[in-house]
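Open the model in your viewer and keep the sequence panel beside it.

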Number of protein chains: 2
Amino acid sequence: MAEKFPGNDVEGLRRLVRQVPVGHLAFVDKGNPRVLPIAIAAQDDDPPTILLHGSTGSHWLRLVATGIPVSLAVTAVDGLVVARSAFESSIHYRSAVMFGSCTPVIPEAREAVLELLTDALIPGRVAEIRRPHQRELAATLVLRMTIEEWSWKVSDGWPDDPADDVAGPAWAGVLPATVRYEQALDSPDLASGIEIPPSVARLLGSDG
Amino acid sequence: MAEKFPGNDVEGLRRLVRQVPVGHLAFVDKGNPRVLPIAIAAQDDDPPTILLHGSTGSHWLRLVATGIPVSLAVTAVDGLVVARSAFESSIHYRSAVMFGSCTPVIPEAREAVLELLTDALIPGRVAEIRRPHQRELAATLVLRMTIEEWSWKVSDGWPDDPADDVAGPAWAGVLPATVRYEQALDSPDLASGIEIPPSVARLLGSDG
């Protein structure tokens, strides 16, 4: 099916990162490629600065923090395109592939960036919880990825079958995929009487 | 059967690939990393051979087909871990990161591998549609990735808050994420009287 190349959609990328909080970060290690899943958030600049974080104990994250070239992909699978042939069948997706490098966030700015990461994953959560302890901040490596180049692709069309297949007996259509948080499960150690907070209530039933 | 990579959950990887039909493939291009989303399926061997395909017009896929080292990640986001602090909050996931290289599937075997890829995405679909035309097979690059090394990680626990946070007022728990196909939309060019086929009916409401 025809893929759209509508140019790079900055607002589309920000919405994608809000809906898909895990990207795939690739880098070169001793000449070999390595790709890792990692939680991400996007700032409001253009192109967006991407925020990443992980444990200071992560060998790979420390390597990425040295500023080596990285490539980051964020992909949403939005549905299935069921065509009348295998050849025309495909996947609805939104995909951003970015190139750039990362720098560590200085200690003084780390708490603010972590707040942004937390609220990206669970909007409004920061206001409901305590501030990070110093030892937690010290154990967290926070990186900022500057995008030097990126590409944006969207596949969102109908099956594009040739006329002889359209005239045939096979069904064709699209199955949209939905991702939802349908329930909030209390932690086994939750004290009685503590209700689900507004941040969690807003996520329930929403599709991002 | 003895596992070649002890600790790695081969059946878990196969289930993951069935549920998440898009992986992220990384390779090195002129010294720089590049990662791309790509539709995948897994064969039944151990470790599974991964099947990939795309257009023969794809420069990157043709580069990968030369047998350069690749790394492939497949990740499912299974939920949010909402802890009493930002530090302990995290994501439930299943992740496989694989290393190896790809070889093109010979023309005689291409149709069978494409059938496997189609039925992996839409189980039972191959029996409902016509066989591929020769020109479709000729336009499709089909690759087999041999896994030389891989790692498997799962995060599926409850929030692990320290005692002083557990004694505090904040809620903690888990929000499982569900991915579903909830409706099948007829293609605008669908002839009247053609019903949704069994393959599509089985996908509706299922969560993989």
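A residue is called buried if 20 or more other C-beta atoms lie within 10 Å of its own, exposed if 12 or fewer, and partly exposed in between, with C-beta atoms placed from the backbone. This is a predicted model, in which local features need pLDDT of at least 70 and side-chain atom pairs count only at pLDDT 80 or more, while totals for chains, interfaces and linings use all residues. Residues are numbered from 1 along each chain as its sequence is written, and chains are lettered from A and ligands numbered from 1 in the order in which they are written.

**Stop 1**

Select A:Lys30. This residue sits in the loop between β1 and β2 of chain A; helices (H or I, at least four residues) and strands (E, at least two) are DSSP runs, numbered from the N terminus. A:Lys30 counts as exposed because it has 5 C-beta neighbours inside 10 Å. Its phi is positive, about 50°, although A:Lys30 is not a glycine. Most residues other than glycine have a negative phi, and most peptide bonds are trans.

Now select B:Lys30, in the loop between β1 (22–29) and β2 of chain B. Here phi is also positive, near 50°, and B:Lys30 is exposed, with 5 other C-beta atoms within 10 Å.

**Stop 2: the cis peptide bonds**

Select A:Asp46 and A:Pro47. The peptide bond between them is cis, with omega near -5°. A:Pro47 belongs to the loop between β2 and β3 of chain A. In chain B, select B:Asp46 and B:Pro47, which are likewise joined by a cis peptide bond, with omega about -5°. B:Pro47 is in the loop between β2 and β3 of chain B.

**Stop 3: strands on either side of β3(B)**

Stay in chain B and select residues 32–42 and 50–55, which are β2 and β3. Three bridges join these two antiparallel strands; two strands are taken to pair if DSSP finds at least two bridges between them. B:Ala42 stands opposite B:Ile50 of β3(B).

**Stop 4: helix α3(A)**

Select residues 107–121 of chain A, which form α3. How far apart are the end C-alpha atoms of α3(A)? They are 22 Å apart, which agrees with the 21 Å that its 15 residues should span at 1.5 Å a residue, the expected span being 1.5 Å times one less than the number of residues.

Colour the buried residues of α3(A): A:Val113, A:Leu114, A:Leu117, A:Thr118 and A:Leu121. They lie on the same side of α3(A), because they cover an arc of only 145° around the axis; the arc is that of the directions from the helix axis to the C-beta atoms. On the other side of α3(A), the residues A:Glu108, A:Ala109 and A:Ala112 are exposed. The cover over the buried residues includes β2, β3 (50–55) and β6 (140–155) of chain A, together with β4 (69–82) of chain B.

**Stop 5: A:Met98**

Select A:Met98 in strand β5 of chain A. Buried or exposed? A:Met98 counts as buried, with 24 C-beta neighbours inside 10 Å. Leaving aside residues up to four places away in sequence, A:Met98 touches A:Ile50, A:Ser71, A:Leu72, A:Ile147 and A:Trp150; contact requires C-beta atoms, placed from the backbone, within 7 Å.

**Stop 6: the interface**

Show both chains. 72 residues of chain A are in contact with 72 residues of chain B. Elements giving two or more residues to this side of chain A include β1 (22–29), β5 (90–104) and α6 (198–203). β7(A) gives the most, with nine residues. By class, this side of chain A has 49 nonpolar, 13 polar and ten charged residues; Ala, Val, Leu, Ile, Met, Phe, Trp, Tyr, Cys and Pro count as nonpolar, Asp, Glu, Lys and Arg as charged, and the others, Gly among them, as polar.

Select β7 in both chains, residues 173–181 in chain B. Five bridges join these antiparallel strands, and A:Arg180 has B:Thr178 as its bridge partner in β7(B).

**Stop 7: the axis**

A rotation of 180° with 0.0 Å of shift along its axis superposes chain A on chain B, with RMSD 0.0 Å. Copies are superposed by least squares on the C-alpha atoms of residues with pLDDT of at least 70 in both. The relation is that of a two-fold axis. Finish by selecting A:Val179, whose C-alpha is the nearest to the axis in chain A, 2.2 Å from it. The same surface serves both copies, as 100% of the contact residues of chain A recur in chain B.

Definitions and conventions
Contact = placed C-beta atoms within 7 Å.
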